[in-house]
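Here is a briefing on one protein model.

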Amino acid sequence: MSASAPRPTLLILSFVPIDGDPRVIKQVRRFVDEYDVTTCSPGPSPHPGVTHVEIRGDLPPKQDIVTRVRDEFARRTEGFRRMYFQSPGVLETIHLLRGRRFDAVIANDAETVGVACRLFGAERVHADLHEFFPDMGFEDTPLGRRHQRYWSWMTKHLVSQAHSSTTVGGEIAKRYHEYGLQPGVVTNSTHLRDLPYRPVGSAIRLVHSGNPFHERSLGEIMRAVAASPVEVTFDLYLTWQPEKTRSEFVALAEELGPRITVHDPVPQSVLIETLNEYDLGIHILQPVSTNNVMALPNKFFDYVQARLGIVVGPSVEMARIVRDHGLGVVTDGFDEASIAATIDALTPERVDGFKQAAMRAADALSAERQVEVWARAVEEIVAGSAGRA
């Protein structure tokens, strides 16, 4: 392409605010210097170098009797196609983007793929699937089972249309095969940081950051640390959502004593540097849903870039990477006894070895390596788009 030729056009579409989604922000940063990027999502523009189309949620719904009757019939008969294409987010996206043209589209999460394919053609769409949508831990109730059927339908009939797809881990990618997809993998990795190795001090310092969810075994970890014969502390940087649950963990920390400290959350911009002050990142995610079983979350890669050793439960993806790179320890189970046995077996020498392994693995497990999977997918779509022009 000559220097004077226009840059290819790329739409990055999301139904959640892009400026608060680390995964989608990585897409924006990877493409903004090479493509004419438009973003479309709720919330403000995520980058000064893009054209932003804001989904405001203020498009008035049709109120005529024919529309209401058809919508009610679709709900009663599980007419999922009408339910999808008449949903408020899809209708507003069509309203905002109709008539525009893009050489390629990255549609984030299952909900955006169908509307992207309808507006721009499936051959121009890359689907980035942040979770396994056919099984989102729906309740075993009539409504929960209906939701599961809806998301399964969406995946099989709409998402599978996309030219290409990616997801967050190998196990989730395998599960998508039964729905007609062959996703590549782009992990939720963190950008490479140049941070120092810090040897373990007089006490081994454990840390966890994120939402205060009970399924993250935080209470079990806190009690195991408080009772351990090892010189160990545990610091938690917990968000305020949900606030009631956070308050429960604050009260438990006060009850268990000085080894446990709950901090206010720190901004993402300084999180990795804050974590670098510790020795081991810990994430024990209870297998209460399919996505939990196969999870490979942001915080795992935050710990790597912070040059920490890692303690995880026997979650298949996290355990595999910990073992492959010698990053830390995998507990035998998700219960408090298993967690306590792992913590009680820690020594400063072992933890130093884990931290040194994180130093060695930081580049290979960085976002800079992962985002090139998206780059190749978009390049292929653009090349095909040029051939069709």
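A disulfide is a pair of cysteine sulfur atoms within 2.5 Å. This is a predicted model: local features need pLDDT of at least 70, side-chain atom pairs count only at pLDDT 80 or more, and totals for chains, interfaces and linings use all residues. Residues are numbered from 1 along each chain as its sequence is written, and side-chain values use heavy atoms, with hydrogens and water left out.

**Cysteines**

- The structure holds zero disulfides.
- From the sulfur of Cys-40, the closest cysteine sulfur is that of Cys-117, 15 Å away, so the two are too far apart for a bond.
- Buried means under 20% relative accessible area, exposed over 50%, and partly exposed in between (1.4 Å probe, protein chains only).
- Cys-40 is buried because its relative accessibility is 0%.
- Cys-117 also counts as buried, at 7%.

**Aromatic rings**

- Rings of Phe, Tyr and Trp (its six-membered ring) pair if their centres lie within 6.5 Å; planes under 30 degrees apart count as stacked, over 60 as edge-to-face and the rest as tilted.
- There are twelve aromatic pairs.
- Phe-80 and Trp-153 make a tilted pair, with 6.0 Å between centres and 50 degrees between planes.
- That pair links distant parts of the chain, 73 residues apart: Phe-80 is in helix α3 (residues 80–85) and Trp-153 in helix α6 (residues 142–157).
- Helices (H or I, at least four residues) and strands (E, at least two) are DSSP runs, numbered from the N terminus.
- Both Phe-80 and Trp-153 are buried.
- Tyr-150 and Trp-151 have ring centres 6.0 Å apart and planes at 75 degrees, so their pair is edge-to-face.
- Tyr-150 is buried at 12% relative accessibility, and Trp-151 is buried at 16%.
- One aromatic cluster takes in Phe-80, Phe-133, Tyr-150, Trp-151 and Trp-153.

**Charges over rings**

- A charge sits over a ring if NZ of Lys or CZ of Arg is within 6 Å of the ring centre and within 35 degrees of the ring normal.
- Arg-118 lies over the face of Phe-85, 3.6 Å from the ring centre.
- Arg-246 has its charged end over the ring of Trp-240, 3.9 Å from the centre.

**Largest pocket**

- On a 1 Å grid over the protein atoms alone, a pocket is an open set of points where a 1.4 Å probe fits, with protein on both sides within 12 Å along at least five of seven lines; lining residues have an atom within 4 Å of a point.
- The largest pocket is lined by 45 residues, and Pro-22, Arg-216, Pro-297, Asn-298 and Lys-299 lie nearest its centre.
- Elements giving two or more residues to this lining are α1 (22–31), β8 (204–210), α10 (268–275), α11 (290–293) and α12 (298–305).
- Helix α1 gives the largest share, five residues.

**Backbone and loops**

- The peptide bond from Gln-241 to Pro-242 is cis, with omega near -5 degrees.
- Pro-242 lies in the loop between β9 (232–238) and α9 (243–256).
- Asp-109 is not a glycine, yet has a positive phi of about 70 degrees.
- Asp-109 is in the loop between β4 (104–108) and α5 (110–120), and is buried at 18% relative accessibility.
- Arg-307, also not a glycine, has a positive phi of about 65 degrees.
- Arg-307 sits in the loop between α12 and β12 (309–312) and is buried at 6%.
- Asp-194, in the loop between β7 (184–185) and β8, is exposed, with a relative accessible area of 77%.
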